[in-house]
Amino acid sequence: MIMRSWAEIDLRRIRENYELYKAALAPGQKVMAVVKADAYGHGHAEISRLLEDAGVDFFAVSNITEALELRQAGIKGNILILGYTPANCAEMLVQNDITQAVLSPEYAEALAAQGQKVKVHFALDTGMNRIGLDGDKPAETARLIRAYADKLAVEGLFTHLCAADTPAQDAFTEAQIAKFTAVADAVRDLSLPYIHYMNSAAGIAHNNGKTVYARLGILLYGLKPADDFAAPAVLPALSWKTVISMVKDVLPGEKIGYGLTYEATRPMRVATLPTGYADGYRRALSNKGVVYIAGQPAPIVGRICMDQMMVDVTDIPEAVPGAEVSLLCDEYTADRMAADIDTIGYEIICGISKRVEREYK
Ligand SMILES: *Cc1c(COP(=O)(O)O)cnc(C)c1O
């Protein structure tokens with residue numbers, strides 16, 4: 001591995017997070033592993049293989065390219081595409097035994113018109129207003145689902161809860177679950193094998209015990225759905241590292257980086273790191289974030305560049321050229337970084353670019 005900017009993925013932590021989450025479910029309940037966006041940046045082939053070995057039999061991705069890559073990686077379990085696939089990919093879906101979400105009545109029609117018995121799960125919109133059939137009209141929606149029972153291989157029904165991680169919205173979430181349950185009851189005669197509504201947060205905070213699968217995403221990777229969410233004690237599986245490429249002395253009054261946004265007010269030692277926003281290190285962290293060197297925090301000084309950044313190492317004697325630097329670690333997690341720039345940990349880990357090599361241990 002070339003030690004320039006790299007991510008270390010601790011597979012043992014993925015496994016432990018999975019076991020912790022599973023232990024929090026009811027007996028008989030199972031995990032559908034959400035490995036979309038390259039397993040939230042962790043590498044979907046490696047993560048899915050590990051989970052398949054651990055007993056996971058259902059994987060969720062966002063698109064057909066991701067699904068085909070999992071098949072090429074040897075994943076045998078069910079794969080559900082949660083998002084849009086062009087209807088004319090129907091044959092490809094069938095040939096690769098991939099299950100497609102039905103996004104709308106129009107989409108159901110377009111898919112059925114391909115003359116392929118595609119395996120599908122109908123999405124139900126229970127209040128998020130993103131995708132799905134109308135959750136406010138259970139009878140009509142049930143009729144629509146039933147109308148496709150012989151044109152498509154209808155195997156499932158699901159919804160997505162958009163505030164399951166927010167206790168202040170519990171009434172809304174419970175109303176979503178009630179709408180979902182009403183439709184599930186209305187198509188009970190179809191004996192659909194896969195009825196699911198829980199994401200990571202709902203599996204903990206809104207688990208009514210009536211469905212089998214929880215779609216586990218963020219907690220698998222060891223981050224929280226929301227800052228104050230009371231989650232099992234999962235740990236981040238990804239740490240991001242770089243090295244010091246040079247160290248220099250900077251005098252009071254000198255400026256650092258593009259736009260001259262930082263001015264030294266005392267004699268400083270400044271280290272340059274070969275990681276920048278093209279690696280997915282967010283430019284919003286300019287003059288805000290910190291990195292860790294030899295266990296000590298080094299604040300970012302000046303703007304993050306495309307491929308480089310500068311940090312204050314005045315008080316860190318171990319900071320010499322070639323020294324290892326932690327960009328994401330247990331001291332400074334993706335959730336903590338996200339809080340510093342008003343986003344969510346999800347966006348941080350998904351945003352680490354392909355230029356950053358992944359190493360598994
Ligand atoms: C991404 C996603 C999930 C996983 O959400 P987490 O909050 O990461 O657990 C579950 N269901 C759907 C439909 C999703 O899009």
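Predicted model: local features only at pLDDT ≥ 70, side-chain atom pairs only at ≥ 80, totals over all residues.
Residues are numbered from 1 along each chain as its sequence is written, and side-chain values use heavy atoms, with hydrogens and water left out.

**Helices**

Helices here are DSSP runs of H or I, at least four residues, and strands are runs of E, at least two, numbered from the N terminus.

I noted that the axes of helix 1 (residues 11-24) and helix 3 (residues 44-53) come within 11 Å and cross at roughly 50 degrees. Axes are lines fitted to C-alpha atoms, for helices over the stretch in contact, and angles run from 0 to 180 degrees between N-to-C directions.

I then listed the contact (heavy atoms within 4.5 Å): Leu11, Ile14, Arg15 and Tyr18 come from helix 1, and Ile47, Leu50 and Leu51 from helix 3.

I turned to three strands that form an open, antiparallel sheet in the order 12-15-18. Two strands pair if DSSP finds at least two bridges between them. Strand 12 (246-250) and strand 18 (309-312) are the edges, each pairing on one side only. The twist averages 30 degrees from one strand to the next.

I checked strand 15 (residues 268-273) too: its antiparallel pairing with strand 18 runs over four bridges. Leucine 273 stands opposite methionine 309 in strand 18.
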